[in-house]
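I opened this model to look at one residue and then at the chain contacts. These are my notes, in the order I made them.

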Number of protein chains: 4
Amino acid sequence: MSQSRAADAEGAAKDAGATGKTGAPAKPRRRQARGEARIAQLLKAAADVFGATGYTAASTNAIAREAGVSPGTLYQFFPNKEAIAVELGDHLLTRWRETYGAAFLADHLELPLDRMLDATLDPLIEFNCANPAFTVLMHGSEIPGMVTKDHDAVHVTMLGRVETILAGYLPDKPPAEVTRIATMIFHIFKSGLDVIMAHEGEEREAYIREMKTVLHRYLEPMIPDDTAAGSRSRHTP
Amino acid sequence: MSQSRAADAEGAAKDAGATGKTGAPAKPRRRQARGEARIAQLLKAAADVFGATGYTAASTNAIAREAGVSPGTLYQFFPNKEAIAVELGDHLLTRWRETYGAAFLADHLELPLDRMLDATLDPLIEFNCANPAFTVLMHGSEIPGMVTKDHDAVHVTMLGRVETILAGYLPDKPPAEVTRIATMIFHIFKSGLDVIMAHEGEEREAYIREMKTVLHRYLEPMIPDDTAAGSRSRHTP
Amino acid sequence: MSQSRAADAEGAAKDAGATGKTGAPAKPRRRQARGEARIAQLLKAAADVFGATGYTAASTNAIAREAGVSPGTLYQFFPNKEAIAVELGDHLLTRWRETYGAAFLADHLELPLDRMLDATLDPLIEFNCANPAFTVLMHGSEIPGMVTKDHDAVHVTMLGRVETILAGYLPDKPPAEVTRIATMIFHIFKSGLDVIMAHEGEEREAYIREMKTVLHRYLEPMIPDDTAAGSRSRHTP
Amino acid sequence: MSQSRAADAEGAAKDAGATGKTGAPAKPRRRQARGEARIAQLLKAAADVFGATGYTAASTNAIAREAGVSPGTLYQFFPNKEAIAVELGDHLLTRWRETYGAAFLADHLELPLDRMLDATLDPLIEFNCANPAFTVLMHGSEIPGMVTKDHDAVHVTMLGRVETILAGYLPDKPPAEVTRIATMIFHIFKSGLDVIMAHEGEEREAYIREMKTVLHRYLEPMIPDDTAAGSRSRHTP
DNA sequence: GATGAATGAGGATTCATTCAT
DNA sequence: TATGAATGAATCCTCATTCAT
């Protein structure tokens, strides 16, 4: 944040210029084919480096090196380090939607809670294990009291997703409370994910079950009886 | 702890020895007094800087500056940056025990679950709000998949505490499972704490209640009926 | 050598490959040109600083300053201080071989001892006077009892050279003894060089003669009579 | 040299003041008994540290720590780091004279060359092995072209000693030449000593013999026949 | 677009030396 | 005297970012 100065403005200006004709909003800069490839290459490298070392410890030079390009090239596509994280977040989010998300929202609302948790969490866990950078980006900058940062599209989006799903299950809760519950769930999920990813094999599975139990027991008493009657079966013997 | 201030410890021991025989009070360790004050001052500064920026982004120079001393002075008392974190962890842990911990463990085992959660969490939350550095130190080095680091006396200690308390409530669970549950609880607490500290006033209170609800609902079904009969009353209406 | 400029080497290889097919001359590696020049510049600066102050007292910042570049630039080409010494050693060794070394070994074996000493030592002394850093690098890290260090390619190479030549003159000595004699000679040479370089003009010449006398008298009695019959003429009247 | 500033002047002034009454030259400051003990303690520590790490790498704090005193105490007796080396040099030189030197000069002049070398070198080598700091101090500051430094009382004294002995063996050489030969011998001895101290057991003995051979062969042809008739016997078979 | 050289402030740490007690 | 706290410049090295080609 403090470290990106004028370049940001420039980058923004460039975008504005490129998209100015259509009047469409800024995000997807028009880039030539070669540019797209480079960007993919760089985002892949960034994912590896962020995933391996975290955001702060990742150096832009390391990302460029991992991508096999020069630092200058990296900065031709990203105005600064944070922009890489932002774009990587977008990219992973898109990949996530493409991979599992098509029927994500719609279907789950009809499931009983325990099935919904399985249906929601399993692919998400899988995705995070396959893309540790996603986990990294879901966590804000980790400084307590400063939970959200600029590159938290991932954070914001995922939280919104949780909230949306949740709203379907808790139709009679006031929105503020739904938000609060969603926030809790999302944080429980994130930290649970850390534990899960820190283990392997059967231990990992056990922690996955444990996290589902936590969430199930937390949510179940809030859900009106008619909404998914069978949900109580598994986790509350 | 073991690596920091070995010289000081020696010096202290010598002083103690010298004054022990005569029973004379503080005088001859007056030398130490300034040092002791500096250490307190440095730890205070470190707490501020760690709390404000996190461990990694905190620079030793910034800590020294915050303490109003030169970098060299800092290194007269701490061999390196991590030692500062370790010592600060020890210090906060001690302060924590002194402030709330005297009757911490013993009393709580007899409480019903909801009272125990109040008795346990409220002071801990209060302490963390007053000492954000404690929160920072409770979190490991934040890189997912590398949950524990060296300066995690705080992490280790707190986790152990949770486990101990938990064992009292879950006498019939196998140890491995107790560990797993304790791990989950501790992580839920940490991430809940982040949310709590990111809010203020009534919102903060609401999140505190929410976190307690999560934990209560998670734990309650595991506790044998005879242990804390009334515990079900509050959070599961 | 192995640790420095790996990236550069890669880059060079890529360039070479790119231009190799077409047979086109230098153009596409123009990028490298600046870098190559900087490296030469930095090595020159390092030679000056090492030569003036010795390895330990030489600071990387001083070398960068002497080269007229920023510290960062230096570290773009060398991973650390020692690598500078290693590379400088390689460089000087190469220069030495290119300048005097072509016929170095082959020819000398046929010379009588005194001529061989002249032929061997004179250019070496000259080279050292012109490149004091070479002298610095020939000396290990100077702490007695720890004669060899890592950047001692120069040390090792020169000692090997002495040993090889010597073996030709002492065909009937066991290898271990040849090694020992070579070690003695090399150390005598190094310390003689210090004396020589500490003097100038006629005094310097006198010390050069003196060192040759020492070595001649030391070696001559060991050489079989048939090997260099006339060798006794000069220094042992 | 460059690092000691005003303190030197102060120290000098203090000395002058202390000895001003008697008008005697400066060196031996009047020190109380306790002071003498401290100085001995500090010099012992300095010898250990210099011997272990060399002059440059030795830190005054390390010396103080090794002596079990505070840095401030060290600076109460020595104005700066170099003064420690100077005083340690004096001290070792004195110890050397006391141990082996009583009859050092006088007796040796009558010996044949090879016996003289044994008589001279053996104790010196022994002393150096027992006091590596002596070796360290005998070497100047190691930067070629700057052979002598300030703390080289040891260097100067030992060189003078060599020269004196040598003069007895080479009565018909002009003084300048004797000086030159002495310089060569001393440097050969110093570098030979490094090799010797870098080895152990039989290898060390072999190097000792080798060094004596070098010196013997160097000197023997210069000595008038009547001076030490039997000297040729051993090393020139 | 791509390159890689260049920057320079900043990071952790050390050390000779001084000063208040 | 002795202490040990205090200093601050200097050390090696890193990194986000810029610039000339």
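**Entry 1: one tyrosine**

I began with B:Tyr207, which is buried, with a relative accessible area of 2%. Buried means under 20% relative accessible area, exposed means over 50%, and partly exposed lies in between (1.4 Å probe, protein chains only). I must keep in mind that this is a predicted model, where local features need pLDDT of at least 70 and side-chain atom pairs count only at pLDDT 80 or more, while totals for chains, interfaces and linings use all residues. I also note that residues are numbered from 1 along each chain as its sequence is written, that chains are lettered from A and ligands numbered from 1 in the order in which they are written, and that side-chain values use heavy atoms, with hydrogens and water left out.

I placed B:Tyr207 in helix 11 of chain B, residues 201-219. Helices (H or I, at least four residues) and strands (E, at least two) are DSSP runs, numbered from the N terminus.

Which residues does B:Tyr207 touch, leaving out those up to four places away in sequence? From chain A I listed A:Thr179, A:Arg180, A:Thr183 and A:Met184. From chain B I listed B:Val195, B:Ile196 and B:His199. Contact means heavy atoms within 4.5 Å. I also looked up the C-alpha atoms of B:Tyr207 and B:Val195: they are separated by 7.3 Å, and the two residues are 12 apart along the chain.

**Entry 2: chain B against chain A**

I turned to the pair as a whole. A rotation of 178° with 0.1 Å of shift along its axis superposes chain B on chain A, with an RMSD of 0.4 Å. The two copies are thus related as by a two-fold rotation axis. The superposition is by least squares on the C-alpha atoms of residues with pLDDT of at least 70 in both copies.

I found 35 residues of chain B and 34 residues of chain A in the contact. Of the interface residues of chain B, 97% are also interface residues in chain A, so the copies meet through the same surface. Chain B and chain A bury about 3100 Å² between them, 72% of it on carbon and sulfur atoms. Buried area is the accessible area (1.4 Å probe) that two parts lose on being put together, summed over both.

How many salt bridges join chain B and chain A? The count is two. A salt bridge is a side-chain nitrogen of Lys or Arg within 4 Å of a carboxyl oxygen of Asp or Glu. I checked B:Arg180 and A:Glu203, which form a salt bridge with the closest N and O atoms 2.7 Å apart.

Helix 2 (30-57), helix 8 (132-138), helix 10 (175-197) and helix 11 of chain B each supply at least two residues of the side that touches chain A. Helix 10 of chain B gives the most, with 11 residues. I sorted that side of chain B into 18 nonpolar, 11 polar and six charged residues. Here Ala, Val, Leu, Ile, Met, Phe, Trp, Tyr, Cys and Pro count as nonpolar, Asp, Glu, Lys and Arg as charged, and the others, Gly among them, as polar.

**Entry 3: chain D against chain C**

I repeated the look-up here. Chain D can be laid on chain C with an RMSD of 0.4 Å by a turn of 178° and a shift of 0.1 Å along the axis. The contact takes 34 residues from chain D and 35 residues from chain C. I noted that 100% of the interface residues of chain D are also interface residues in chain C, so these copies meet through the same surface. Chain D and chain C bury about 3100 Å² between them, with 71% of it on carbon and sulfur atoms.

I found two salt bridges across this interface. D:Arg180 and C:Glu203 meet in a salt bridge through their side chains (3.3 Å, N to O). Helix 10 of chain D gives the most to the side that touches chain C, with 11 residues.

Last, I looked at one chain. Chain A has 11 helices and zero strands. I read that buried residues make up 50% of its 237 residues.
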